[in-house]
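Trainee: I have a structure open and would like to learn how to read it. Can we go feature by feature?
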Amino acid sequence: MTFQYLLQLVISGLVIGSIYSAVALGFVIIYKATRVVNFAQGELLMVGAYVCFAFLVQMHVPFWAALLLTILFGMVLALFIERLILRPMIGEPIISIIMVTIGLSLVLRSIVSAIWGTEILVYEPKLFPQEMIEIAGLPISLEFVWCFVLSVFLLVVFSVFFKYSKAGVGMRAAAFNQQVAQSMGISVKHIFALSWVISAVVSGIGGVLIGNINGINSSLYHFGLKVFPATILGGLDSILGAALGGMIIGILENLSDGFCKTYLNLSGVKEVAPYIFLVIILMIKPYGLFGTKEIERV
Amino acid sequence: MHYCGDFRTTYRKDMEIFQTPFIKVCMAVFLVFLLVLPVLKLKGEYLLKGAYLWILLQILIASIGAVGINILTGYTGQISLGQGAFLGVGAYTSAYITAKLGLSFWVGIPAAGLVTAMAGMVFGIPSLRLKGLYLAIATLASQFILEWIFLRWESVTGGSYGITIPRPSIAGYTFSTDRSYYYIVLAVAIVMILFAANLMRTRTGRAFMAVRDHYISAEIMGINLFKYRLLSFGISSFYAGVAGALFGHSLKYVSSEQFNIGVSIVYLAMIIIGGLGSIIGSIFGAVFMILLPKLLSVVTEAVAADYANIAKLAISFEHGIFGLIIILFLIFEPDGLAHRWKMVKAYWKLYPFSY
């Protein structure tokens with residue numbers, strides 16, 4: 001195993017990982033504010049990718065307009081989901097909330113495949129330039145660089161948003177204690193809606209980025225399942241954790257895949273490696289790198 | 001004749017499974033009905049055609065699996081998203097024992113249960129430290145890890161080709177038809193469901209419920225949390241293993257895609273729609289979830305002739321309807337069909353003086 005190969009694995013893992021980070025960020029935002037575990041996060045990504053495809057390729061809208069329309073669509077969708085499905089579930093046990101988002105994921109998935117079918121669709125024209133550039137002696141496609149830069153940009157924007165904007169502080173307050181937040185004049189209902197909107201938008205943009213690289217098909221929702229290793233590693237309620245966790249999982253899955261291929265002659269480790277890491281993390285450090293430790297021994 | 005009001009005077013009476021003579025008669029009639037239904041003939045043809053018999057068979061198998069996950073999730077409060085994979089462990093164990101080792105089905109089924117119970121307990125170890133959401137994620141991970149093993153451990157599981165397995169036989173008689181195999185499944189299902197119903201009346205069952213309702217109080221009352229959580233995982237996986245093995249033998253073929261995450265979701269949906277923490281609810285849920293896709297396909301076929309486009313859309317939307325039903329049930333009937341059943345019974349008990 002050469003150093004070149006190793007570096008290649010790390011870099012491609014970092015790019016895919018940055019998309020995991022974006023989706024994990026969406027997941028954490030919802031979890032932090034509303035305590036809802038969203039199993040439909042991958043479907044939000046998928047819907048974003050397909051809607052952007054529809055505007056861009058099928059209706060020939062320029063890219064910036066298509067992206068804006070996708071964001072707008074994601075907002076409306078999120079508002080509907082929050083109001084119609086999650087609002088009635090407030091106060092229900094966690095298994096019901098998990099199940100309702102699983103139900104939601106099935107509905108979204110089948111709507112997408114009913115409209116667009118299941119074949120692979122490709123973004124045409126490509127959003128980003130395709131040329132190769134060299135980083136540390138390695139040829140890397142420019143679209144990977146763009147993809148990475150954009151997702152890091154998203155992460156930074158939302159970290160700043162949570163830290164300094166009024167709405168962001170309100171969301172953190174609601175996450176900390178809903179009753180106190182409410183008595184300070186923060187509308188918890190609005191916070192819930194807002195967190196779903198932000199989450200859908202972030203995931204949707206992630207979907208556009210990944211769709212642009214790999215093309216889109218009906219199994220895109222698999223990205224949503226990778227948020228669990230990422231967020232558990234980073235800590236379920238930590239934004240920084242989601243960002244780092246996604247990238248680390250992306251790199252780890254690539255590296256373990258490469259190692260097993262080279263030394264153990266075992267292929268397909270990529271699909272399972274994140275979940276093995278997930279179990280290991282849960283066993284030794286269940287609250288992750290940056291998660292809040294609930295003082296409760298089970 | 002019984003009177004309105006509660007006239008039970010002993011705990012023993014209160015804990016009976018079949019509480020009134022009327023219910024006992026009903027159950028006996030229902031049992032006879034299940035026994036003779038497959039062999040009833042009308043004008044030389046079976047009353048229950050092959051396709052319907054198959055549905056009934058799948059309902060029985062699903063009932064075993066649903067009771068199993070209800071013991072874990074409904075009674076002990078440990079969420080499991082890995083039931084599909086545990087069914088798979090059972091199916092592959094029995095397949096390996098009967099097809100590759102050449103041993104009898106009667107070794108395969110209990111072995112499937114035991115091996116799956118072991119697997120379930122291994123994956124249940126995180127439950128020592130985790131609960132609720134974290135446990136759900138851990139079991140989700142176990143689902144993916146097991147699925148991957150099914151596909152890659154080719155010397156045992158046959159990889160993506162799967163394994164072809166035989167139907168059981170006793171003393172030279174092979175249960176080769178669905179109609180004869182039905183009786184084996186029925187017998188196993190009755191034994192396992194009755195066992196589960198009785199288990200919930202014992203010390204163990206009450207400990208499970210105590211762990212579910214308030215684990216700290218349970219621990220203070222002297223219940224060893226780790227032991228009972230692990231036991232619950234074990235028993236639940238035993239049920240899953242047996243159900244999976246019976247399922248494998250019913251299809252005569254085992255492959256990895258029969259046990260994917262979708263199956264786990266279907267089983268969770270069964271107990272949520274049927275009713276968490278209720279044996280009869282698990283059975284209602286199994287009936288509902290097995291019948292639902294069949295009903296959907298009947299409806300789409302009926303409209304296919306006149307409205308081809310709608311039918312085409314409906315087929316691709318089948319999973320969506322499934323998801324929609326889960327959502328609607330959770331919002332409007334969170335206690336499941338078992339609760340509705342109780343209400344109906346209470347209403348008729350006092351009819352016509354329900355107030």
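Trainee: Where in chain A is A:Arg35 found?

Mentor: This is a predicted model, so keep that in mind throughout. A:Arg35 sits in the loop between H1 and helix H2 (41–58) of chain A.

Trainee: What is its phi?

Mentor: Start with the general idea. Most residues other than glycine have a negative phi. Now the case here: phi of A:Arg35 is positive, near 60°, and the residue is not glycine.

Trainee: Which loop holds A:His60?

Mentor: The one between H2 and helix H3 (63–86) of chain A. Phi of A:His60 is positive too, near 55°. At 66% relative accessibility, A:His60 counts as exposed.

Trainee: What about A:Ser21: buried or exposed?

Mentor: Buried, because its relative accessibility is 0%. A:Ser21 belongs to helix H1 (residues 3–34) of chain A. Set aside neighbours within four places in sequence, and A:Ser21 is in contact with A:Leu155, A:Ala242, A:Ala243, A:Gly246 and A:Met247.

Trainee: How many residues of H8(A) are buried?

Mentor: 23 of the 27, so H8(A) is largely enclosed by the rest of the structure.

Trainee: What span should helix H8 of chain A have?

Mentor: Count 1.5 Å a residue. The 27 residues of helix H8 (residues 188–214) should therefore span 39 Å, and the end C-alpha atoms are 39 Å apart, which agrees. After H8(A) comes A:Gly215, with a positive phi near 80°.

Trainee: Now the two chains. How much area do chain B and chain A bury between them?

Mentor: The size of an interface is often given as the accessible area lost when the parts come together. Chain B and chain A bury about 3,800 Å², and 81% of it is on carbon and sulfur atoms. The contact takes 42 residues from chain B and 45 residues from chain A.

Trainee: How many salt bridges does the rule find across the interface?

Mentor: One. The side chains of B:Arg152 and A:Glu271 form a salt bridge, at 3.8 Å from N to O.

Trainee: Which elements give two or more residues to the side of chain B that touches chain A?

Mentor: Helix H6 (133–152), helix H12 (261–274), helix H14 (308–316) and helix H15 (318–332) of chain B. H6(B) gives the largest share, 11 residues. By class, that side of chain B has 31 nonpolar, seven polar and four charged residues.

How values were computed. Residues are numbered from 1 along each chain as its sequence is written. Chains are lettered from A and ligands numbered from 1 in the order in which they are written. This is a predicted model: local features need pLDDT of at least 70, side-chain atom pairs count only at pLDDT 80 or more; totals for chains, interfaces and linings use all residues. Side-chain values use heavy atoms; hydrogens and water are left out. Helices (H or I, at least four residues) and strands (E, at least two) are DSSP runs, numbered from the N terminus. The expected span of a helix is 1.5 Å times one less than its number of residues. Buried means under 20% relative accessible area, exposed over 50%, partly exposed in between (1.4 Å probe, protein chains only). Contact means heavy atoms within 4.5 Å. Buried area is the accessible area (1.4 Å probe) that two parts lose on being put together, summed over both. A salt bridge is a side-chain nitrogen of Lys or Arg within 4 Å of a carboxyl oxygen of Asp or Glu. Ala, Val, Leu, Ile, Met, Phe, Trp, Tyr, Cys and Pro count as nonpolar, Asp, Glu, Lys and Arg as charged, and the others, Gly among them, as polar.
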